[in-house]
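These are my notebook entries on one protein model. I list what I looked up and what I found.

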Amino acid sequence: MRKHVKNNVSWVGYIDWELESFHGDEYSIINGSSQNSYLVEEEKTVLIDTVWVPHRFEFVQNLKKEIDLSKIDYVIVNHGEPDHSGALTELMEEIPDVPIYCTKKAIDSIEGQFGKRGWNFHPVKTGDTLDIGNGKQLVFVEMTMLHWPDSMATYMTGDNILFSNDAFGQHFAVDELFNDKANKCLLDKEAMKYYTNILNPFSPMVARKIDEIVKMNIPIDMIAPSHGAIWRDNPMQIVERYAKWAQNYQEDQITIVYDTMWEGTEQLAHQIAKEVRDVSPDTVVKLFNCMKYDKNEIMTEVFKSRAIAVGSPTVSNDILPSVAKWIRFLKSLKFKGKKAAAFGCYGWSGESVKVLQEELKDAGFEVVDENIKCKWNPEEEDLSKAKAVVEALLK
């Protein structure tokens, strides 16, 4: 069912209430999501993006109820990933000769995933335009590595809508469609989680692209991403947030992440949290067992933090596999400008703290010398070291 966006622009996507994970199982979905597709009906009729492969049949059937498919003049594919291009195989069976506008790299992506089907591709680059009648144009803007090499955005003149694809989106089901109708707390949380876990590795490119868009000096009345709410109330607020987030963002927060075997390392984690509250009452402290808590939610808290403390007992001269896996993910997100400390218990050889320090340094953190390396369960002498760790992180 179509939903009105503005003038002759409608939303024709899919609200995915039951979705629990994305990118395989790499991204957790807690508040649903959406795949946003847009129908523009000026003198020319344009479909901007489609939906994910599992919903392709329903998407095309619903679209047939709204419009004679033969009236579609152009299809725009802002990004070749299957959650945006997944319905093309079904759609193009109905309209095989309709031109598809996308970047050159998107052609490679689409054909690599769905095979070479002889579709009528028209590659575009930044600044290319497409007249759609009534004095309006679509202007294409390459968004390389936001977050794939083939990504682009499409700007519609006249209505001043930026169809931004993955940029400025959220995995958040908003049946009411617009940011001013959504739960603001959830919207803000999901927007930051999306940036942290998907776009943060590309922050330098995000910063450059935002500068480029600002210098284009185009009026933007609406930002319509491919997931989540459409930004119509002060749409530039999300652009301003991205500009801040791309500059090694941090708040006055310390996040503590650990796993434990016999609760000794857990005691150290809680003692560090207590010392944060004692030493700096205004500093927010968050504590997570990485084996028990969602990794994407933890990373969002790390993104907000000025510093982290990571703990593991020593197991087979190494750290716990759960912590090693979590740090591997931490490295991939390329955080910068943050401090880190290590802690952990041991019974035999005690390598975990040194391993953690090396891994955290490799992940881009400024690792402080202060640490807690505790043989067997912590005594008062061990717990007292937490204060020095916290002071070093806050310094």
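**Entry 1**

By the convention I used, a crossing is right-handed if the near helix is turned clockwise from the far one by less than a right angle, and left-handed if anticlockwise. Helices (H or I, at least four residues) and strands (E, at least two) are DSSP runs numbered from the N terminus.

The model is predicted: I note that local features need pLDDT of at least 70 and side-chain atom pairs count only at pLDDT 80 or more, while totals for chains, interfaces and linings use all residues. Residues are numbered from 1 along each chain as its sequence is written, and side-chain values use heavy atoms, with hydrogens and water left out.

Two packed helices are described by the angle between their axes and the distance between the axes. For helix H5 (residues 184–199) and helix H7 (residues 236–245), I recorded axes that come within 12 Å and cross at roughly 45 degrees. That angle makes H5 oblique to H7. Angles under 35 degrees count as roughly parallel, over 145 as roughly antiparallel, 65 to 115 as roughly perpendicular, and the rest as oblique. The axes are lines fitted to C-alpha atoms, for helices over the stretch in contact, and the angles run from 0 to 180 degrees between N-to-C directions.

I then listed the residues in contact (heavy atoms within 4.5 Å). On the H5 side they are Lys 184, Asp 188, Ala 191, Met 192, Tyr 194, Tyr 195 and Leu 199, and these meet Ile 238, Arg 241, Tyr 242 and Trp 245 in H7. The residues of this contact divide into 8 nonpolar, no polar and 3 charged. Here Ala, Val, Leu, Ile, Met, Phe, Trp, Tyr, Cys and Pro count as nonpolar, Asp, Glu, Lys and Arg as charged, and the others, Gly among them, as polar.

**Entry 2: aromatic rings**

How many aromatic pairs does the structure hold? I found 15 aromatic pairs. Rings of Phe, Tyr and Trp (its six-membered ring) pair if their centres lie within 6.5 Å; planes under 30 degrees apart count as stacked, over 60 as edge-to-face and the rest as tilted.

Tyr 74 and Tyr 101 form an edge-to-face pair, 5.5 Å centre to centre with 90 degrees between the planes. This pair links distant parts of the chain: Tyr 74 is in strand S9 (residues 74–76) and Tyr 101 in strand S10 (residues 100–102), 27 residues apart. Both Tyr 74 and Tyr 101 are buried; buried means under 20% relative accessible area, exposed over 50%, and partly exposed in between (1.4 Å probe, protein chains only).

Tyr 242 and Trp 245 form a tilted pair, 5.7 Å centre to centre with 40 degrees between the planes. They are 3 residues apart in helix H7, so about one helical turn separates them. Tyr 242 counts as buried because its relative accessibility is 1%. Trp 245 is also buried, with a relative accessible area of 5%. I also found both in one aromatic cluster, formed by Phe 168, Tyr 195, Tyr 242, Trp 245, Tyr 249, Phe 303 and Phe 335.

**Entry 3: helix H8 against helix H13**

For H8 and helix H13 (residues 386–394), the axes come within 9 Å and cross at roughly 60 degrees. H8 is therefore oblique to H13. H8 passes H13 in a right-handed crossing. Gln 271, Ile 272, Glu 275, Val 276 and Val 279 of H8 make the contact with Ala 386, Lys 387, Val 390, Glu 391 and Leu 394 of H13. I sorted the residues of this contact into 6 nonpolar, 1 polar and 3 charged.

**Entry 4: loops and backbone**

Which residues does a cis peptide bond join? The bond lies between Leu 146 and His 147, with omega about 5 degrees. His 147 lies in the loop between strand S13 (136–142) and strand S14 (152–156). Met 145 is placed in the loop between S13 and S14, and its phi is near 65 degrees, a positive value in a residue other than glycine.

Glu 263 has phi near 75 degrees, also positive in a residue other than glycine. Its place is in the loop between strand S17 (253–258) and helix H8 (264–279). Glu 263 counts as partly exposed, at 38% relative accessibility.

**Entry 5: the whole protein**

I counted 13 helices and 22 strands. Buried residues make up 59% of the 395 residues.
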